[in-house]
Amino acid sequence: MSTETIKVPDIGGDSDVQVIEICVAVGDTVEVEQSLIVLESDKASMDIPSPKAGVVKSISVNLGDAVSEGSVILELEVAGAVAQAPVQAAPAPTSAPAPIAPVAASAPAATVSQVQTVNVPDIGDSGEVEVIEISVAVGDTVAAEDTLIVLESDKASMEIPAPFAGKVVEILVSTGAKVSEGHAIIKLETVGSAPVAQAAPAPQAAAPVAQVPAVAPAPTAAVGPVRKEVRVPDLSGNTDVPVIEVSVAVGDQLKAEDALLVLETDKATMEVPAPFTGKLVEFNVKEGQTLNVGDLIGVMEVMEADSAVVPAAASASVSAPVASAAAPVSAPVAAVSPAPVDNSNTGRKTGKVHAGPAVRMIAREFGVDLLDVTPTGPRDRILKEDVQLYVKQVMQQVKAAPVKAAAPAITGGAGIPPVPAVDFSQFGEIEEKPMGRLLKAGAVNLHRSWLNVPHVTQFDEADITELESFRKSMKAEADKRGAKLTPMPFILKACAYALQKYPQFNVSLHPDGDKLIQKKYVHIGFAVDTPDGLLVPVVRDVDQKSLWQLADETADLAARAQKKQLKGDDMKGGCFTISSLGSIGGTAFTPIVNAPEVAILGVSKASMKPVWNGSDFVPRQMLPLSLSYDHRAINGADAARFTAFIAAVLADIRQMLM
């Protein structure tokens, strides 16, 4: 075994190209032409394939790194040529090794190589077209029909395949170049088979060669299904990465490299491919779940022969070097005429799509369902051009549609007219900025709640003069405990007490609309403002915890929210929500109910106000409260009582002891 350094090949003159996907992990066994990483320039995305088969020993790049030609990608442990000698000697104990040695030595000497130039074939009447992607690098070994380059005209993009198998010795075009029919693009070195037959006239050499294959197939004779676990590969140091898309279901028949799911970090999205070909029998991941390296994704049922393919091929190549040398050239005609791709066997039918992160990002920006896009890339991979072509076709269909058919489009969901599109650039300079994942998720949830819940807001004020006096008096005790006693623990405790007194607020509407689900637990969420958007961690069993416990837990949850360290379970199971703007300002606002909850308490900034005590005005610190509720589950009188009760408890926290 020897270790080889795999570097970025010729990428058409581009430099500092971003790594948007790492397709392998340390310890993975890779085959020739298997994708190692995916790069994205300002023109196209490109897979960097492995020039050799082997085991990944180390990875030198991370997601988001900028690389250029010659940059080190990884180290690969490959089987060296010297490994053939012991294998040849071992299976022939009954005969002298001398007859075998001349054959092994003479075969390479008799092999004739030839360099042939590959030209652009007939591409219709497109004239000069642009090279948008170079799919191979100097030194790559390609099979017939492997993609060499990708061209793009004003009508479509097209792949130029290799007309025969061979080794790339020179690339004559670069990305962005203009080519036409007959233009030279690549030089391939091919190997002839006729001289090999002349180099093996010795009859005694044929006998040992014939004996070894009889032994080699034995390990592959036993074929049967084997269950293999599929786990999360190396995530380049990322932890708690959310699942944004599940691409498969239990029972699916998968090929190696088919996408299982898509993860999204704060830098990029990445596909997790199937490591084997087989049937998915268990799947343990759901959309929205967070994963780490090594987590179990599922179990695949793999035919045992699949796991023996590599050793079988290795033994065949050792036992019959003469035959393997001639094989690539012996049947090029059969390899050149594959069956045409059946578009019906795409992601639309199977529910699976194979696309890189950059393509998925474009699809999300345009609102395109990738299941509707016809793939044209290698192994049914969807390219950027496929998405762009699909969008273009849809737009043309909309323009060609009759005027009458356009009438229903003027209204959105629930018959609400959509906001008209406006070209703001006509008024001055603009800049389009993408919405973050949290911001988009929050927008969807709030919009859904606003459309589905009939909101009413009840306003009140709580006199927290005594509460603030008590809280400040406990500062020294809080310092000793290493805690920070803010108003939030008091508000949480008051709301928990109110939910117990008025259980009609601790419910959710059943989906059928005919029942209420009464909750016997008291879990309360509180909104945290982060740079990436609003998060609502949930404090569990608030009614059973002390003020000190609530102070510690809210501080911990808020800190983890700011650092993006909250887990999915930290934001689930809430019965009621508190949204406090007290540290910012304002006198009142209308918070949106966090459905399927039925109420939310908004808290604004406290201020000193003159309050009449029956004889004169006295200064009191008043806290504005805004209770929004779902009028389907709660009536107005109960909402007024609930808000007044919270105000009374905050005015005299001793009531919580009664």
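**Exercise 1.** Find the handedness of the crossing in which α15 passes α16.

*Solution.* Step 1: locate the helices, α15 at residues 487-501 and α16 at residues 547-562; helices (H or I, at least four residues) and strands (E, at least two) are DSSP runs, numbered from the N terminus. This is a predicted model, where local features need pLDDT of at least 70, side-chain atom pairs count only at pLDDT 80 or more, and totals for chains, interfaces and linings use all residues. Residues are numbered from 1 along each chain as its sequence is written, and side-chain values use heavy atoms, with hydrogens and water left out.

Step 2: apply the rule that a crossing is left-handed if the near helix is turned anticlockwise from the far one by less than a right angle, and right-handed if clockwise. The crossing of α15 and α16 is right-handed.

Step 3: look at the contact (heavy atoms within 4.5 Å). Residues taking part include Phe490 of α15 and Leu550 of α16.

**Exercise 2.** Which residue of β24 is the bridge partner of Val226?

*Solution.* Step 1: strands pair if DSSP finds at least two bridges between them. β17 (residues 225-231) and β24 (residues 296-303) have seven, in the antiparallel sense.

Step 2: follow Val226 across to β24, and you reach Val302.

**Exercise 3.** Is Glu33 buried, partly exposed or exposed?

*Solution.* Step 1: find Glu33 in the loop between β3 (29-30) and β4 (35-40).

Step 2: recall the cut-offs: buried is under 20% relative accessible area, exposed over 50%, partly exposed in between (1.4 Å probe, protein chains only). Glu33 has 24%, so this residue is partly exposed.

Note on methods. Axes fitted to C-alpha atoms, helices over the stretch in contact; angles between N-to-C directions.
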